[in-house]
Amino acid sequence: MHHNGRVGNTVTINGRVPTTFAVRAGERIRLRLINAANARIFSPDFTGLQPIVIALDGQPVAPHAPDGGLVVLGPAMRADLILDMTGKPGRRVSIFDRFYEGLEYKLVDIAYSDTPLRERAPDWPLALPANPLPEPDLETASRNEVVFTGGMMGQMVAQDMGESIGPGAPGGTARDMNSMMGGERMTQTMNSSTAWFINGIAADQARHDMKPALTLARNKNHVIAMTNATAWHHPIHLHGHSFRVISRNGQPTRHREWQDTVLVSPREKVEIAFVADNPGDWMFHCHILEHQAGGMMAVFRVA
C-alpha cells in the first residue's frame, strides 16, 4: 500500500497467458490496449513495428508515434493503436514490457503466418472523427490546486520539490504519515491502513458521505493543477468527465489529449481542463487500488 501497490508476477492477455499473437504480413491492425491490472503499469515495446496512437481512453487524438516507441498505460488507461505488419511471412517478433527498469519481460510473440495478406501495408487515413465534447475555455476557467502526498519516501520528495508539508499546508497532514523515520513511529505507519492524502485528507472508504474536496460550477470551465509530491506514480481518474491534459511541469502538451485517467509521475505537476457539464458527486482517485484503499480518493461536486 505504501509503495507501488501489488503488481503481481503473472501478466495475462484477455484472461490467458499466451505465447503468440497470429498476424499476416501486409495486415493493418487496430489494437485497443486496456490496462485492467490492479496496480501494474505497462509500457509495451513493439520492436520495430512503429505503433501509431489514434485514441486515448476512448477519445480520438491526432495520430502520432508514442514517445520512444513505448505505449505507457497505468491502471484504467486505454490506448487505440494502428499497427502495420511489415515483417516477412514466417517471422516472429517479441513484444517486451519495459516500464519497470531491470524487470523487463517478454509479453508475447507476434507470429507471422506463411501466407501474406497483401504485399505492403495500406495507406488508408488514420485520423478518427472527434467526439462532441465541450471545449474548455482556459481564459475563463477557474483554477484549482490538488496536491498528492503520502507513501514511503513521501516527505523527502515533497521537501525536494519545495512543498511545505506540515499541518495546515496544502499537502500536509497533522498525523505526518510521510515520515521516513524509524522506530515505533515507522511501525505504526507501516501497519496503518491510511497511507495517502489528497490536499491533506485521506478518504475513509467505510463512509459514503464524503465532503467534496472541490465544488465546480456546472457548465463552467475549470483547470485542475495536480502536483504529485510522492515517490510513486499515480494514474489519476476522474469519474463522469473527460478532460484535456494541457501541461506537464509547466510545458504545454503536444497533443492536448482528451483522457479520463492521466498518469502523474513522481515530482510531476499536470494540469487538466474540462467543462463540468455532468452534475453530481464524482469520484476522483488513484486507480492503483491499494493507493485508493489507503486514502487517495476524493469527491468533486458539480452543481
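Guide: Let's start at P60, which sits in strand β5, residues 59-64 (strands are DSSP runs of E with at least two residues, helices are runs of H or I with at least four, and both are numbered from the N terminus). Before going on, bear in mind that this is a predicted model: local features need pLDDT of at least 70, side-chain atom pairs count only at pLDDT 80 or more, and totals for chains, interfaces and linings use all residues. Residues are numbered from 1 along each chain as its sequence is written, and side-chain values use heavy atoms, with hydrogens and water left out.

Back to P60, which counts as buried because its relative accessible area is 19% (buried means under 20%, exposed over 50% and partly exposed in between, using a 1.4 Å probe and protein chains only). P60 and A79 are 19 residues apart along the chain, and their C-alpha atoms are separated by 9.7 Å.

Now step back to the whole chain, which has three helices and 20 strands. It runs to 303 residues, and 47% of them count as buried. Take the contacts between residues at least 6 apart in sequence: 77% of those join residues at least 24 apart.

Next, the inside. In soluble globular proteins, nonpolar side chains tend to be buried together. Here the largest nonpolar core has 29 residues, and those with the most contacts inside it are V146, M226, I236, V262, I272 and F284 (such a core is a set of buried Ala, Val, Leu, Ile, Met, Phe, Trp, Tyr and Cys residues joined through side-chain atoms within 4.5 Å). There is also a second, separate core of 24 residues, with V23, L56, M77 and L83 among them.

You'll find it in strand β9, residues 142-150, and it is buried, with a relative accessible area of 1%. Not counting residues up to four places away in sequence, V146 touches I198, N199, L214, I224, A225, M226, T227, F284 and F300. V146 and A213 are 67 residues apart in sequence, yet 9.1 Å apart in space, C-alpha to C-alpha.

Two or more lining residues come from each of β1 (20-23), β2 (28-34) and β8 (105-112), and β2 gives the most, with four. By class, this lining has 21 nonpolar, six polar and four charged residues.

The second largest pocket is lined by 26 residues, with D67, L70, V72, R248 and E257 nearest its centre. Here β4 (52-56), β15 and β17 each give two or more lining residues, and β17 gives the most, with three.

Let's finish in the loops. R256 lies between β15 (251-252) and β16 (258-259), and it has a positive phi of about 45 degrees although it is not a glycine. R256 is partly exposed, at 30% relative accessible area. R267, in the loop between β17 (261-264) and β18 (269-275), also has a positive phi without being a glycine, about 70 degrees. R267 is partly exposed too, at 44%. Last stop: D204, in the loop between β10 (196-198) and β11 (214-216). D204 is partly exposed because its relative accessible area is 40%.

Key
Nonpolar A, V, L, I, M, F, W, Y, C, P; charged D, E, K, R; others polar. 1 Å grid on protein atoms, 1.4 Å probe; cavity = no way out; pocket = protein on both sides within 12 Å on 5 of 7 lines; lining within 4 Å. Contact = heavy atoms within 4.5 Å.
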